[in-house]
Amino acid sequence: RSNLPSNLNKALKKTRKYIRDKKTLNKTMKEVFIKTNDDLCKDYSVDTQFSGSTCVTIILTKNKIISGNAGDSRAVMGRKINGEWKSIDLSHDQKPNNPGEKERILAHGGRIEAYKDENGGDFGPPRVWLKYEDVPGLALSRSFGDEVAASVGTISEPEIEYFDIT
């Protein structure tokens, strides 16, 4: 909870151009999420084999909202459109059945399917599993920690989106 903001602040203080240059900011945010995940997984006081966390981070600039999301946490803002307040998603859930996410997990030897009920029917959302074992059963495709799921393609790299402040 505290390492990501600290790591991101350190990276952004190196130069202010990160905020203005989209390509550099994207690279920096991805590096910070990955570093934070690596640091967490090296902290032996925390069991990250089967546990982890999702994360959504917002950076506000003078005229932009930048969202970085790993997992299924959600950032939402209110925007007045034609005199009526609307909710605008600032992040999207990374689920194992999303096409790009599914492709990556299958390419890493993972399996994606829902829990099975007593009759063998699907029960609940699609989940990430090891190819031949019913673990970990993660219902998302990006997170911090979750090292068993990471062995079959879940990642900590965020999806980054930009929104204009009006």
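Visitor: Which residues on the other side of H4 are exposed?

Guide: Pro99, Glu103 and Ala107 are exposed there, exposed meaning over 50% relative accessible area, buried under 20% and partly exposed in between (1.4 Å probe, protein chains only). This is a predicted model, in which local features need pLDDT of at least 70, side-chain atom pairs count only at pLDDT 80 or more, and totals for chains, interfaces and linings use all residues. Residues are numbered from 1 along each chain as its sequence is written, and side-chain values use heavy atoms, leaving out hydrogens and water.

Visitor: Which residues of helix H4 are buried?

Guide: In H4, residues 99-107, they are Glu101, Arg104 and Ile105. They lie on the same side of H4 because they cover an arc of only 95 degrees around the axis, the arc being that of the directions from the helix axis to the C-beta atoms.

Visitor: What do the buried residues of H4 pack against?

Guide: Strand E6 (110-116) and strand E7 (122-130); contact means heavy atoms within 4.5 Å. Helices (H or I, at least four residues) and strands (E, at least two) are DSSP runs, numbered from the N terminus.

Visitor: What makes a set of residues a nonpolar core?

Guide: Its members are buried Ala, Val, Leu, Ile, Met, Phe, Trp, Tyr and Cys residues joined through side-chain atoms within 4.5 Å. The largest such core has 14 residues, and Leu4, Leu8, Leu25, Met29, Phe33, Ile59 and Ile66 touch the most other members. Helix H1 (3-13), helix H3 (22-42), strand E2 (55-60) and strand E3 (64-70) each give two or more residues to this core. Another core lies apart from it, with 9 residues, including Ile105 and Val128.
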